[in-house]
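Subject: Structure handover

Hello,

Here is the structure I promised to pass on. Please open it alongside this note.

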Amino acid sequence: MKKGIISLFLLFCACSFLTAQETIQGFIFPEDGSVIWQHEFSTQQSMNELFNSLIENRIVTDYEIIENRFSGVLPQVAANYALAGFKKSKTPNFILAYDCTANVLIQYKPGRYRVTLHRIRLINNGSDFSFTNPVNLLEDFVLNKNGVSKTFQKSGATILNTTFIDYFSNINLFNDEW
């Protein structure tokens with residue numbers, strides 16, 4: 001009887017945790033109001049090869065390596081709406097007006113690595129849109145009083161998810177033979 005009650009309690013806790021965070025196209029929306037992007041990639045590279053490739057290709061800057069974790073800053077990256085299958089006219093203005101940068105955490109396990117972007121910042125790219133702030137957090141455009149905006153759900157999440165997956169999956173080793 002006691003085991004049954006404990007099992008039900010643990011099941012309830014697990015279900016509560018799963019519903020506490022909404023996930024859309026790799027974007028996680030914790031209850032603290034932040035927006036996090038996360039994706040897991042497979043790799044044939046060793047941890048040192050992967051981390052060296054990140055550094056040499058300038059995929060991540062201002063980096064620090066601690067055991068099997070690599071943290072740093074994502075340099076300014078423009079969202080690639082065409083790669084995601086969208087036309088410019090169907091792309092939200094905030095994606096056209098801003099490039100992305102973020103804090104990056106890359107965790108390595110043999111055969112795979114997980115990339116987490118948090119504190120995703122949008123930097124005005126000088127386009128002709130009416131956004132005047134030089135820097136905004138992604139949360140400012142994604143979240144509203146009802147939760148996640150419909151615009152982000154329809155196209156923004158797909159465009160940014162495709163951009164980030166493409167950016168972090170094209171990590172090539174430099175060839176030392178020349």
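Below is what turned up, starting with confidence and then moving to aromatic pairs and strands.

**Confidence**

This is a predicted model. The protein chain has a mean pLDDT of 85. Of its residues, 83% reach 70 or more. One stretch needs flagging: over residues 4–20, pLDDT stays under 50. For that stretch the model has 2 contacts beyond four places in sequence.

**Aromatic pairs**

Searching the whole structure gives 11 aromatic pairs. Two are described here.

Take Phe27 and Phe152. Their ring centres are 5.1 Å apart, and their planes meet at 80 degrees. Planes over 60 degrees apart count as edge-to-face, so this pair is edge-to-face.

Next, Phe51 and Phe70. This aromatic pair is tilted, at 5.1 Å centre to centre with 40 degrees between the planes. Phe51 sits in helix α2 (residues 47–56), and Phe70 sits in strand β5 (residues 69–77). They are 19 residues apart, and the pair links distant parts of the chain. Both Phe51 and Phe70 are buried.

There is also an aromatic cluster. Phe27 and Phe152 belong to it, together with Phe29, Trp37, Phe164, Tyr167 and Phe168.

**Strands around β5**

Which strands does β5 pair with? Strand β4 (residues 61–66) is one of them. β4 and β5 pair in the antiparallel sense, over 4 bridges. Ile66 stands opposite Arg69 in β5. The two strands form a hairpin, with 2 residues between them. Glu67 is in the turn and has a positive phi of about 55 degrees.

Strand β6 (residues 98–109) is another partner. β5 and β6 run antiparallel, joined by 7 bridges. Here Val77 has Cys100 in β6 as its bridge partner.

Best wishes

Terms used. Residues numbered from 1 in each chain as written. Predicted model: local features only at pLDDT ≥ 70, side-chain atom pairs only at ≥ 80, totals over all residues. Heavy atoms only, no water. Phe/Tyr/Trp six-rings, centres within 6.5 Å; stacked < 30°, edge-to-face > 60°. Buried < 20%, exposed > 50% of the residue type's maximum accessible area, 1.4 Å probe, protein only. pLDDT = per-residue confidence, 0-100. Contact = heavy atoms within 4.5 Å. Pairing = 2+ DSSP bridges.
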